[in-house]
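Please keep the sequence and the coordinates in view while reading.

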Amino acid sequence: MAQFPWLTAILGLPLLAAAFIPIIPDRDGKTLRWYALGVGLTDFALMVVAFAQHYNFDDSSFQLVERYPWVPQLGLNWSLAVDGLSAPLILLTGLVNVLAIAAAWNVSRKPRLFYSLILVLLSAQIGVFAAQDLLLFFLMWEVELVPVYLLISIWGGPKRQYAATKFILYTALASIFILVSGLAMAFWGDRITFDIAELGAKNFPIALELLTYAGFLIAFGVKLPIFPVHTWLPDAHGEASAPVSMILAGILLKMGGYALIRLNVEVLPNAHIYFAPALVILGVVNILYGALTAFAQDNLKRRLACSSISHMGFVLIGIASFTEVGLNGAVLQMLSHGLIAAMLFFLAGVTYERTHTLSMENMGGLAKVMPKTFALFTAGSMASLALPGMSGFIGELTVFIGISSSDAYSDSFKLVVVLLSAVGLIATPVYLLSMLRRIFYGNPTTQDAAQQPEMDLNRWFDAKPREIIITACLLLPIVGIGFYPKLATQTYDVKTTEVAAVVRNALPVFAQQRQQNRLFSGGLFAPEITSPQTLLGVADLGKGA
């Protein structure tokens, strides 16, 4: 069984199952939803079995490796493998997609197309995290865009066409930079290759590294998203249905963070040193901008979307911290936010099904008639605002420790970063608690809304067992990681340590160049790289470990 193509099976099962949906006899969608849920559960079970029995989390190298020639004329190989960066994200993908299928239980409009798109999207997400050929990575990245566009444009809200078009324009145009940067890397040197590991072994000139890094940063920054290329996200979330928002926030945003670590940091460490200060600054901007913008949102899902922008800022800071603690925190923040965001967007959908509105001005008093939903929504909000005992607290705290302990930045730079990020932390509980107050306490603010028949509190009903189970499946790992972070960190800490060492080993050379050429100016807004002697000593310690 060790030679069984686990990753191909995990990736191919949803895609193959989607092909059979058109011929499955069904009239009202009930058979299709059970079929899709069964496929999702089977695929998730395959992931658990593969990683539990055939994957060693103490090994930082690629495992479950599969490599077959696919289109030799283009140098395209079916090359799949997983390591500490991709394995936990694939497990998160399986869990969130299964729960999203369960959340789409009441889909009655074109159920065949809906469930087919969900399963194709699941395969594409797995492909992005498992692909070790850059062309295959790009192909999976592009395939993922089409189902999301259709899921928003067909099953979205009143402005779904605008939101879907904006999504596809931003993400598709940004994807061009992946292809251009990838081709530049592949064709440089004596040997043409798209293998990501072989690309990492090439000795690129710094000018080429900087250009390709910038191209990747644009593409992955749109997906993460990074200010100012973030504006598609609130529109997409505001119009997408709850299951699609669960996948969008829970998984698709993490593709951007994963790709930054995999390609920008691991393959282009020298260029990363130049761009890292800008990433830290952009991370702080994300935190503050997302938190402050959330205050202005009356639409429940748009407020949660702005919250996601803020939380992704911590991922950027952790990636650019030059410490294994910070990088560890960035990955933990991605996993934590994937669970928390999926939970909150699902509960937003539960609330919308009862109230038929996403305007918080038209809500109020739901705690009286929906106490279970209120309790679950409160728990999710507490996790999002980083309450101790929840995964959000551990993720953000680890990032803070990583950037604060980094010796690659001046004390003044780190102080400004920590203080400004703390402002975002203070704003987060304010807008989340305000959201809870407006939804679950008092009465609808708009008089006309209070007079509408569908706003009659006596006609509403609380969360059903299916909805409670879906929420519990997300809340349990959130609490589990909060109390015992090793549940998550043991799956990737060996790999993040290795990646951090790669970047730190490049720092001494950069520090010497900086002393000669003054690459960075001093002051609050640019870091002062520490002395080459200090960094060489730290690098030697890292090699010894």
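Which residues does Ser406 touch, not counting residues up to four places away in sequence? With that exclusion, the contacts of Ser406 are Ser321, Phe322, Thr323 and Lys414. The model is a predicted one, and all values given here are computed from it.

Ser406 belongs to the loop that joins α16 (391-404) to α17 (411-440). Its relative accessibility is 0%, and Ser406 therefore counts as buried, the limit for that class being under 20%. One of its polar atoms lies 2.7 Å from the backbone oxygen of Ser321.

Most residues other than glycine have a negative phi, and most peptide bonds are trans. Phe322 has a phi near 65 degrees, a positive value in a residue that is not glycine. Phe322 is placed in the loop between α12 (300-319) and α13. With 4% relative accessibility, Phe322 counts as buried.

A positive phi is also found at His356, where the angle is near 60 degrees. His356 is located in the loop between α13 and α14 (366-369). Is His356 buried or exposed? His356 has a relative accessible area of 51% and is therefore exposed, since that class begins over 50%.

The loop between α8 (206-223) and α9 contains Pro225, and Pro228 is likewise found in the loop between α8 and α9. For the bond from Leu224 to Pro225, omega is near 0 degrees. For the bond from Phe227 to Pro228, omega is near 10 degrees.

Rolling a probe the size of a water molecule over the atoms shows where empty space is left. The largest pocket has a volume of about 720 Å³. Its lining consists of 30 residues, and those closest to its centre are Trp155, Ser241, Ala242, Tyr352 and Glu353. Two or more lining residues of this pocket come from each of α9 (232-239), α10 (242-265) and α13 (324-355). Which element gives the most to the lining of the largest pocket? That element is α13, with six residues. Sorted by class, the lining of the largest pocket comprises 14 nonpolar, ten polar and six charged residues.

The second largest pocket holds about 430 Å³ of space. Fifteen residues line it, and Pro88, Leu91, Ile481, Leu487 and Ala488 lie nearest its centre. The elements giving two or more residues to the lining of this second largest pocket are α2 (30-54), α3 (87-103), α13, α19 (465-483) and α20 (486-489). Among these, α3 gives the most, with four residues. How many nonpolar, polar and charged residues does the lining of the second largest pocket have? It has 14 nonpolar residues, one polar residue and no charged residues.

The helix α13 connects several parts of this description. It gives the most residues to the lining of the largest pocket and is among the elements that give two or more to the lining of the second largest pocket. The loop between α12 and α13 holds Phe322, and the loop between α13 and α14 holds His356.

Note on methods. Residues are numbered from 1 along each chain as its sequence is written. This is a predicted model: local features need pLDDT of at least 70, side-chain atom pairs count only at pLDDT 80 or more; totals for chains, interfaces and linings use all residues. Side-chain values use heavy atoms; hydrogens and water are left out. On a 1 Å grid over the protein atoms alone, a cavity is a set of points where a 1.4 Å probe fits but cannot get out, and a pocket is an open set with protein on both sides within 12 Å along at least five of seven lines; lining residues have an atom within 4 Å of a point. Grid points are joined across faces, edges and corners, and a volume is the space filled by probe spheres set on the points. Ala, Val, Leu, Ile, Met, Phe, Trp, Tyr, Cys and Pro count as nonpolar, Asp, Glu, Lys and Arg as charged, and the others, Gly among them, as polar. Buried means under 20% relative accessible area, exposed over 50%, partly exposed in between (1.4 Å probe, protein chains only). A polar contact is a pair of N or O atoms within 3.5 Å; within protein, one must be able to donate a hydrogen and the other to accept it, and residues adjacent in sequence count only if both atoms are side-chain atoms. Contact means heavy atoms within 4.5 Å.
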